[in-house]
Amino acid sequence: MIIFENATVTIDGRKSLEQLNWEIESGDCWAIVGPNGSGKALLLESLSNNGKILTGVGKNLAKRIGIVSLHEQERLIVREAERDDSDLTDQIFSGTSVQELLDESSLDLKLQRDLTKSLRLDSLLYKGFRKLSTGESKKVLLAKALLGYPDLLLLEDPLEGFDQNSSAEVTALLEKNSLSTTQIYSVSRIKDIPSWTNNVICLDSHRVIRKFSCNNGEDAKRFLSSITRMGSKQVALPVPPEKRPIRLNNDNSLVNIKNGKVGYLGHTVFEDLDLVINPGSHWQITGPNGSGKTTLLNLITGDHPQSYVNDISIFGYSKGGGETIWDIKRHLGFISNALHWQHRLTASARNVIISGFFDSIGLYAKPSGHHVRIADAWLNLIGMEKQRNARFSELSFGYQRLLLICRAMVKHPSLLLLDEPCRGLDEANRELVLALVSRLCTDGNTTIVYVSHELEDIVPQITNHLDLGDLE
Ligand SMILES: Nc1ncnc2c1ncn2[C@@H]1O[C@H](COP(=O)(O)OP(=O)(O)O)[C@@H](O)[C@H]1O
Ligand SMILES: [Mg+2]
């Protein structure tokens with residue numbers, strides 16, 4: 001179906017894959033593996049015909065290609081934002097609905113019904129795409145891709161970010177699809193290699209370092225685990241020039257939410273939520289996709305429109321007290337998928353870390369020598385010193401993610417909110433980030449609220465647990 005011979009491929013002028021030799025037969029299932037920045041996403045994209053062959057041969061006989069990737073998700077998010085901006089009437093743009101998005105791919109009503117059922121999208125059909133939670137929007141992307149009857153399906157970390165039920169549903173759907181479709185997966189974590197994989201391609205520094213076929217995914221995982229060595233990391237955190245004094249509520253808590261409630265037009269996301277976050281007591285938040293984890297964090301930061309109708313005290317400020325969102329942000333560090341999408345920046349890697357001192361998206365103030373030195377120490381810590389002047393927007397998703405995690409941590413904030421921080425990170429970087437979180441937990445200045453689906457991404461110091469799927 002696809003053949004590359006000594007091919008050098010570029011995508012949008014971004015760094016190419018070099019001397020690529022690869023043959024994909026119709027019906028194959030391949031897994032692309034490799035560390036962050038090795039070129040997995042670029043390789044996947046070069047199969048989508050977005051790539052340009054500079055030298056060598058590249059042929060792709062697939063007729064219909066379906067794609068589920070971060071790039072595709074970003075493309076839809078940006079398209080929604082542009083439609084919103086270009087709407088000059090007085091009407092508020094409510095966004096393209098899930099049903100409209102599915103219709104764009106195919107009007108085959110039977111297939112739409114089947115997919116909506118197996119992915120449990122029924123209750124989302126009339127919602128705007130950009131209102132969806134991360135997991136919900138990923139399911140919509142998958143449904144869209146499958147509605148196009150692809151003969152080639154390209155999937156970037158398709159299971160990441162799903163709760164257990166959704167993960168099982170998506171796995172079943174993809175396994176069934178694999179009987180009739182050539183599938184190529186790019187996976188950040190070895191454990192996410194599908195069990196029906198029959199070939200693996202390993203990348204490092206934009207080159208293929210190994211290719212092998214296997215009986216099944218379990219074989220591939222065993223082999224890859226045996227050649228990937230992991231060690232537990234000891235890390236020392238760069239110290240900010242000044243630590244802002246911790247401001248507390250009257251009851252000595254950092255955050256106090258009483259009877260918290262968020263809902264939309266007859267649909268309640270959660271209610272009767274009482275949460276007290278005391279300094280030094282770290283929290284893990286779990287719950288199924290759409291149960292309100294991101295909503296809860298946005299309520300705390302004041303970024304959610306319903307923050308103001310809730311009884312929330314934070315850092316000694318409470319509703320109507322005249323504080324601005326910036327007063328609150330001074331004490332906060334934050335990372336989420338939405339924040340990542342907002343970072344469509346040409347700023348340098350180093351400046352993105354420094355922007356954490358100024359709570360800005362991009363850097364508009366002149367940094368001091370001290371700021372630069374601290375940012376460089378963080379770059380060192382995450383092994384990105386060579387990329388310090390690289391444009392943020394041209395780095396791979398995993399590298400961007402690491403930088404945003406440093407940005408959130410750089411001032412050792414009183415409260416650090418981490419919403420699925422490890423998305424898109426490879427095994428080694430995930431370990432590194434967990435080690436950083438663990439280190440900050442014991443640093444004394446920072447209290448952490450951590451959202452994660454991954455059972456293996458546990459930080460031992462985080463001992464309080466709120467499950468939004470189980471509020472009663
Ligand atoms: N403006 C909105 N209108 C309607 N529903 C919304 C809106 N914003 C979010 N939601 C819904 O709220 C629910 C909770 O979303 P979220 O907090 O992102 O979930 P998660 O626990 O996966 O982080 C989801 O079902 C989402 O579709
Ligand atoms: Mg979420």
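C406 counts as buried, at 1% relative accessibility, where buried means under 20% relative accessible area, exposed over 50% and partly exposed in between, with a 1.4 Å probe and protein chains only. Before going on, some housekeeping: this is a predicted model, in which local features need pLDDT of at least 70 and side-chain atom pairs count only at pLDDT 80 or more, while totals for chains, interfaces and linings use all residues. Residues are numbered from 1 along each chain as its sequence is written, chains are lettered from A and ligands numbered from 1 in the order in which they are written, and side-chain values use heavy atoms, with hydrogens and water left out.

Back to the cysteines. If a disulfide is a pair of cysteine sulfur atoms within 2.5 Å, the count here comes to zero. C406 is in no disulfide, and the nearest cysteine sulfur to it, that of C422, sits 12 Å away.

Now for ligand 1. Its shell has 15 residues, and the closest are K127, E136, K293, T294 and T295; a residue is near if one of its heavy atoms lies within 4 Å of the molecule.

What about polar contacts, meaning pairs of N or O atoms within 3.5 Å? A polar side-chain atom of T295 lies 2.5 Å from an oxygen atom of ligand 1, and one of T294 lies 2.8 Å from a ligand oxygen. G290 uses its backbone instead, with an N or O atom 2.8 Å from an oxygen of ligand 1. Taken alone, ligand 1 exposes 580 Å², and the protein buries 86% of that, going by Shrake-Rupley areas with a 1.4 Å probe.

Helix α8 (residues 293–301) gives the largest share of that shell, three residues; helices here are DSSP runs of H or I, at least four residues, numbered from the N terminus. The helix is mostly covered, with seven of its nine residues buried: K293, T295, L296, L297, L299, I300 and T301. Just after α8, G302 takes a positive phi of about 85°.

Methods:
A polar contact is a pair of N or O atoms within 3.5 Å; within protein, one must be able to donate a hydrogen and the other to accept it, and residues adjacent in sequence count only if both atoms are side-chain atoms. Helices (H or I, at least four residues) and strands (E, at least two) are DSSP runs, numbered from the N terminus.
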